[in-house]
Amino acid sequence: MDRIAQALVDPIRREILRMVCREPLPAGAVADAFSVSRPAISRHLRVLREAGLVRGEAIGRERVYRLDVGPLGELRDFLVELGALGHERGDWTRRFMALETEVYRTRAKRKRASQYTNTDRKRKESA
């Protein structure tokens with residue numbers, strides 16, 4: 001998963017993935033879409049290949065790249081897990097906030113009851 005995450009960090013590599021997701025492309029067509037050098041694109045493709053995110057197939061004199069979504073499953077599962085944990089944390093946050101609200105209500109209610117009791121005592125004592 002670390003290699004996948006590292007491969008996805010770079011915006012050029014993410015764009016290459018978008019491109020080869022739509023259709024398999026030769027390396028030259030990928031390189032033509034960017035203003036960086038062909039050797040730089042070659043390095044980006046190598047990183048994506050080593051992460052398992054693209055496959056390169058030699059067709060004639062060209063190497064055609066296509067997306068391989070298989071390795072993304074582990075990353076997807078990790079993100080789903082984080083989302084579920086974040087959701088649970090949100091549920092607990094709401095629960096603790098509700099508990100805090102109830103504690104304040106109870107304190108205020110006791111304080112009001114105590115004030116009424118003290119007022120009643122003062123009335124009885126002065127009578």
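The exercises below work through a predicted model, with attention to the chain as a whole and to helix α4.

Local features of this predicted model need pLDDT of at least 70, side-chain atom pairs count only at pLDDT 80 or more, and totals for chains, interfaces and linings use all residues. Residues are numbered from 1 along each chain as its sequence is written, and side-chain values use heavy atoms, with hydrogens and water left out.

**Exercise 1.** Check the span of α4 against its number of residues.

*Solution.* The expected span is 1.5 Å times one less than the number of residues. For the 13 residues of α4 (residues 38-50) this gives 18 Å, and the end C-alpha atoms are 18 Å apart, which agrees. Just after α4, G52 adopts a positive phi of about 85°.

**Exercise 2.** Find which residues of α4 are buried, and what they pack against.

*Solution.* With buried meaning under 20% relative accessible area (1.4 Å probe, protein chains only), the buried residues in α4 are A40, I41, H44, L45 and L48. Viewed down the helix axis, these residues fall within an arc of 140°, so they line one face of α4; the arc is taken over the directions from the axis to the C-beta atoms. They pack against α1 (2-9), α2 (11-22), α3 (27-32), β2 (54-59) and β3 (62-67), where contact means heavy atoms within 4.5 Å.

Methods. Helices (H or I, at least four residues) and strands (E, at least two) are DSSP runs, numbered from the N terminus. Buried means under 20% relative accessible area, exposed over 50%, partly exposed in between (1.4 Å probe, protein chains only).
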